[in-house]
Amino acid sequence: MNPLLATLGGKLTERWLNLLVLPGALFLAAAAVGGTLGQRHWADVDRLRGTLDDLAGRPALDRTGTAALLVALVLLTATAASLTAQCVGGAVERYWLRPGRDPLSRALTGRRARRWRERDTEVTEAVGRITYTGDGPDGAVLVPGGTLARIQDLTEARDRIALREPSRPTWYGDRMQAAADRVEAAYGVDLAVLWPRLWLVLPEPAVRQIQSAHDSFGAAARLAAWAVGYALLACWWWPAALAAVGCAAVARSRGRGALDALAGLIEAAVDVHGRELATRIGLLAPETPGRLAPDTGDGMSAVFRKAE
């Protein structure tokens, strides 16, 4: 039992240090430097060194109890800062995935939809201007490589806005909405009511993969929260703005990658295990061949909604 407790304690301490103490301590260090130097002396290393020397020379710090209390205070403050960042990160997640019913969000949705339609028109026009250069083996049609490359570039530019015409104010919301739309188009089932039930029958490897992608998205949102904190710190010490820009850029890149992976895994879970769920609730017989049909998907949605 004692080795087990020691192992668990070591893992918990490691997670506490990595997730809470270290990010908070880094922010506290930046706040201390910024508060000491300010905007006028933002790069005055001698001023910072003098402040540290004055602090280290105080008699109270020679006492073991005072030093231990100071270390404990720093650890608690760093933990509190990290917990605050986690709370703000949760708000960032909800902001990224918001449906957008307020006027500002509707305006953003409309702007993104116009940009998407412009890119989609460019893709359609590029496809319409294709000139065929002949026939290849097995009846394949030969098209100039430059034309295909341009169509691919235009398609990627459109998909960076959204995979389908935007209906949400952010890329994140549209990516999840695209997953729901594609599941409904393929199987006739409402992903919102299907997912809690499907989650209960997923095997452990699938659960771990989906949970890992979701955790990565949450970590990106927390990094965006730190970007907000450093941006506020920049009001007193402008170099913190560099950290804010860096955190925001990395958070955006990681958040997009994590959410794209999460949406793909959710679709894959429906593809692979949706029929199993239909069998478990009695809408399909185990020996029935074939894929999950749209009429079965409609039946699943009706069952799960419970005549709402």
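Predicted model: local features only at pLDDT ≥ 70, side-chain atom pairs only at ≥ 80, totals over all residues.
Residues are numbered from 1 along each chain as its sequence is written.

The mean pLDDT (the predictor's confidence in each residue, from 0 to 100) is 83, and 82% of the residues reach 70 or more. Over residues 4–9 the pLDDT is below 50, and this stretch has zero contacts (heavy atoms within 4.5 Å) beyond near neighbours in sequence.

The protein has 10 helices and two strands, taken as DSSP runs numbered from the N terminus (helices: H or I, at least four residues; strands: E, at least two). Along the sequence they follow the pattern α-α-α-α-β-β-α-α-α-α-α-α. Of the contacts with a separation of 6 or more, 69% are between residues 24 or more positions apart. Of the 308 residues, 33% are buried (under 20% relative accessible area; exposed means over 50%, partly exposed in between; 1.4 Å probe, protein chains only). The accessible surface (Shrake-Rupley method, 1.4 Å probe; for residues, only the protein chains shown count as cover) comes to about 18,600 Å², and carbon and sulfur atoms hold 61% of this area.

Arg-112 lies in helix H4, residues 103–128. Arg-112 counts as buried because its relative accessibility is 8%. Leaving aside residues up to four places away in sequence, Arg-112 touches Ile-161, Ala-162, Pro-166, Arg-168, Pro-169, Thr-170, Trp-171 and Asp-174.

A pocket is an open set of points on a 1 Å grid over the protein atoms alone, where a 1.4 Å probe fits, with protein on both sides within 12 Å along at least five of seven lines; lining residues have an atom within 4 Å of a point. The largest pocket holds about 420 Å³ of space. Its lining has 18 residues, with Met-176, Leu-191, Ala-192, Trp-195 and Ile-266 nearest the centre. Helices H6 (171–187), H7 (191–201), H8 (204–233) and H9 (240–280) each give two or more residues to this lining, and H6 has the largest share, five residues.

Helix H8 also contains Leu-232. With a relative accessible area of 52%, Leu-232 is exposed. The C-alpha atoms of Leu-232 and Ala-244, 12 residues apart along the chain, are separated by 8.9 Å.

Technical notes
Heavy atoms only, no water. Points joined across faces, edges and corners; volume = space filled by probe spheres on them.
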